[in-house]
Amino acid sequence: MNFSPQDLIESLTPGNQATVVALQGELGAGKTTFTQEVGKILGVEENMHSPTFVIEKIYAIDYKGFKKLIHIDAYRIEKESELLHLGWEEIIKDKENLILIEWPERVPGIIPSDAKKIFFKHVDENTREIKIES
């Protein structure tokens with residue numbers, strides 16, 4: 001079964017710390033597009049570009065207790081400490097943060113064990129398969 005941005009949003013509930021969604025898949029598999037759709041559904045009006053070079057972008061939202069949508073692209077990160085220097089520990093503590101992180105496999109030691117994991121796969125030129133780890 002394919003998992004949609006709407007499915008993700010409906011499954012969200014703030015916990016004791018930030019909610020982390022780990023988006024995994026090869027280049028061009030749809031991780032950024034998925035994040036853009038999540039943002040659109042949550043009311044983000046600005047253009048959401050991949051934060052490949054800036055690593056992190058923060059958007060104001062107001063949904064079920066979430067106040068910030070934080071989009072992180074860890075593709076260029078070589079060590080977990082780089083993300084820690086960008087304030088990972090602070091943003092992960094705030095239960096009002098919804099964090100969507102692309103390339104979580106680059107920083108596996110700091111991804112919370114309760115993170116939702118979504119996998120993206122090319123099926124063909126026009127089709128992607130999106131699955132959530134249960």
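Residues are numbered from 1 along each chain as its sequence is written, and side-chain values use heavy atoms, with hydrogens and water left out. Because the model is predicted, local features need pLDDT of at least 70 and side-chain atom pairs count only at pLDDT 80 or more, whereas totals for chains, interfaces and linings use all residues.

An open sheet is formed by 6 strands in the order β2-β3-β4-β1-β5-β6, with mixed pairing. From one strand to the next, the twist averages 20 degrees; axes are lines fitted to C-alpha atoms, for helices over the stretch in contact, and angles run from 0 to 180 degrees between N-to-C directions. Helices (H or I, at least four residues) and strands (E, at least two) are DSSP runs numbered from the N terminus, and two strands pair if DSSP finds at least two bridges between them. Strands β1 (residues 19-25) and β5 (residues 116-124) run parallel and are joined by 5 bridges. Val-21 lies opposite Lys-116 in β5.

A search of the whole structure identifies 3 salt bridges, defined as a side-chain nitrogen of Lys or Arg within 4 Å of a carboxyl oxygen of Asp or Glu. Glu-37 and Lys-40 form one of them, at 3.3 Å from N to O. These two residues are 3 residues apart in helix α2 (residues 31-41) and are therefore separated by about one helical turn. Glu-37 is partly exposed at 31% relative accessible area, while Lys-40 is exposed at 57%; buried denotes under 20%, exposed over 50% and partly exposed in between (1.4 Å probe, protein chains only). A salt bridge of 2.9 Å links Lys-67 to Asp-62, where Lys-67 is partly exposed at 36% and Asp-62 exposed at 59%. Lys-131 and Glu-129 meet at 3.7 Å, and both are partly exposed, at 38% for Lys-131 and 26% for Glu-129.

Asp-73 belongs to strand β3 (residues 66-73). Asp-73 is buried but has no salt bridge, the nearest side chain of opposite charge being Lys-31 at 7.4 Å; Lys and Arg count as positive and Asp and Glu as negative, with His and the chain ends not counted. Residues in contact with Asp-73 (heavy atoms within 4.5 Å) include Pro-51, Ile-55 and Trp-103, sequence neighbours up to four places away being excluded.
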